[in-house]
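Biologist: I would like a close look at one part of this model, with the cut-offs stated as you go.

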Amino acid sequence: MAKAAGKLYLIPSTLGDIAPLEVLPISIKRAIEDINHYVVENEKSARRFIKKISPRKHQSNLRIQVLNKYTEPQEIPSFLLPCLDGFDVGVLSEAGCPGIADPGAEVVRIAHEKNIRVIPLVGPSSIVLAMMASGLNGQNFAFNGYLPIDAPERKKEIKRLERLSIEKQQSQLFIETPYRNDKLFAELLRSLSIKTLLCIATDITLPTEFILTQSIRDWKNNIVELHKRPTIFIIQG
């Protein structure tokens, strides 16, 4: 009798330095206690997170594969070999939900190709939480990832997203590498119409959480410090 295939669990993590069970449901703890095979972005931080969730779990039992921008594409299918041998595998995001602005999406795609069952677990998504708290159009929104680094291209893209938000009545979400947040904020104040609404959602779920939506006109009188603070930006014309 053939052994049943293992499942691929998508395991959210915290969005910053906070006690995991403050924001994660008990299903995360149960999954981590049962799973020894993992696909992660950073092995050191993944092991630290697993230890926080399940202090009694033996770290020596963990089998960890690293998936990040340096991973060769041909390596990725092998990460699912434990599933084919009947073992469950967990995809663990560095922050938030696997597969959402996260390299884990490629493992999930291959799992579907191989008819491996994919099980997403509940946890914090900065994109969804920011949208919930923004007061902007939650019926029609788009996540655009990172904007261009080149200043003229970034300005052009900001103007394009503003036009799109007006034409489609669509909230436009985007992010930046945290140490460049202040530069992006300054560019938004220069490039957007004073009537355009901007939501800044930073340090979501952390004690320093800050979420505010107001017009560009009002933001110009209310500069906030965003340096090295994970932030979601949302605009709506």
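At roughly what angle do the axes of helix α7 (residues 151-168) and helix α8 (residues 181-191) cross?

Modeller: This is a predicted model, in which local features need pLDDT of at least 70, side-chain atom pairs count only at pLDDT 80 or more, and totals for chains, interfaces and linings use all residues. Residues are numbered from 1 along each chain as its sequence is written, and side-chain values use heavy atoms, with hydrogens and water left out.

The axes of α7 and α8 (lines fitted to C-alpha atoms over the stretch in contact, angles from 0 to 180 degrees between N-to-C directions; helices are DSSP runs of H or I, at least four residues) cross at roughly 60 degrees and come within 10 Å. On α7, the contact (heavy atoms within 4.5 Å) involves Arg154, Lys155, Ile158, Lys159 and Glu162; α8 supplies Leu184, Glu187, Leu188 and Ser191.

Helix α8 also holds Phe185, whose partner Trp219 lies in helix α9 (residues 216-219), so this pair links parts 34 residues apart in sequence. Trp219 has a relative accessible area of 0%. Phe210 and Trp219 also pair edge-to-face, with centres 6.4 Å apart and planes at 65 degrees. Phe210 is partly exposed, at 24% (between the buried limit and 50%). Phe185, Phe210 and Trp219 make up one aromatic cluster.

Key:
Helix = DSSP H or I, 4+ residues; strand = E, 2+ residues; numbered from the N terminus. Phe/Tyr/Trp six-rings, centres within 6.5 Å; stacked < 30°, edge-to-face > 60°. Buried < 20%, exposed > 50% of the residue type's maximum accessible area, 1.4 Å probe, protein only.
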